Amino acid sequence: MAGTAFATGVLAVTATLALGLAAVGGASVTAQRTAAAADAAALAAADTASGAVPSADDPCVVAERVAAAAGASLTECSVDGLVATVQVRAAYAGLAAVSRARAGPPDGT
């Protein structure tokens, strides 16, 4: 009888740890995907602003499409000359992952 109670306790602790690790892993993946979406959106906006990627749309519209394709939503976008700064948001289990990115030519050029 004592062995059964011990085994049940070990299984309960193991299951709880597994669920916790799965939640942390999912949140980590979402944070990385959000960062990648922000990077891609900023690069798209900067490339559109510089003319490297020809588009009739505003650079922020292009950034919004790129962020949406990556599963995130664009919450902020600004283009100053050839430099684009964006912020994107994605959700995981009711929590928001937010990431910012900046793209453009190197400083001093």
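At 12% relative accessibility, Gln87 counts as buried. Buried means under 20% relative accessible area, exposed means over 50%, and partly exposed lies in between (1.4 Å probe, protein chains only). This is a predicted model, in which local features need pLDDT of at least 70 and side-chain atom pairs count only at pLDDT 80 or more, while totals for chains, interfaces and linings use all residues. Residues are numbered from 1 along each chain as its sequence is written, and side-chain values use heavy atoms, with hydrogens and water left out.

**Strand E2**

Gln87 lies in strand E2. Helices (H or I, at least four residues) and strands (E, at least two) are DSSP runs, numbered from the N terminus. The side chains of Gln87 and Arg100 are joined by a polar contact of 3.0 Å. Such a contact is a pair of N or O atoms within 3.5 Å; within protein, one must be able to donate a hydrogen and the other to accept it, and residues adjacent in sequence count only if both atoms are side-chain atoms. Contact in general means heavy atoms within 4.5 Å. Leaving aside neighbours within four places in sequence, Gln87 touches Ser73, Leu74, Thr75, Glu76, Val98, Ser99 and Arg100. With the same exclusion, the contacts of Val86 include Ala38, Ala63, Leu74, Cys77 and Ala101.

**Salt bridges**

The structure holds two salt bridges. Each is a side-chain nitrogen of Lys or Arg within 4 Å of a carboxyl oxygen of Asp or Glu.

| Pair | N to O distance |
|---|---|
| Asp57 and Arg65 | 2.6 Å |
| Arg100 and Glu76 | 3.1 Å |

Arg100 pairs with Glu76. This pair links distant parts of the chain: Arg100 sits in strand E3 (residues 95-103) and Glu76 in strand E1 (residues 73-80), 24 residues apart. Glu76 is partly exposed, at 40% relative accessible area.

**Helix H2**

Helix H2 spans residues 59-69, and its buried residues are Pro59, Cys60, Val62, Ala63 and Ala67. They cover an arc of only 155 degrees around the axis, so they lie on the same side of H2. The arc is that of the directions from the helix axis to the C-beta atoms. An α-helix has 3.6 residues a turn, so residues three or four places apart point the same way. The cover over the buried residues of H2 includes helix H1 (2-50), E1 and strand E2 (83-92). At the start of H2, a side-chain oxygen of Asp58 comes within 3.1 Å of the backbone nitrogen of Cys60. After H2 comes Gly71, with a positive phi near 85 degrees.

**Disulfide**

There is one disulfide, counted where two cysteine sulfur atoms lie within 2.5 Å. Cys60 and Cys77 form it, with their sulfur atoms 2.1 Å apart. The pair links distant parts of the chain, Cys60 in helix H2 and Cys77 in strand E1, 17 residues apart. The link of Cys60 and Cys77 is left-handed, at -85 degrees about the S-S bond. Cys60 is buried at 18% relative accessible area, whereas Cys77 is partly exposed at 25%.

**Nonpolar core**

The largest nonpolar core has 16 residues, and Ala63, Leu74, Val86 and Val88 have the most contacts inside it. H1, H2, E2 and E3 are the elements that give two or more residues to this core. H1 gives the most, with six residues. Such a core is a set of buried Ala, Val, Leu, Ile, Met, Phe, Trp, Tyr and Cys residues joined through side-chain atoms within 4.5 Å.
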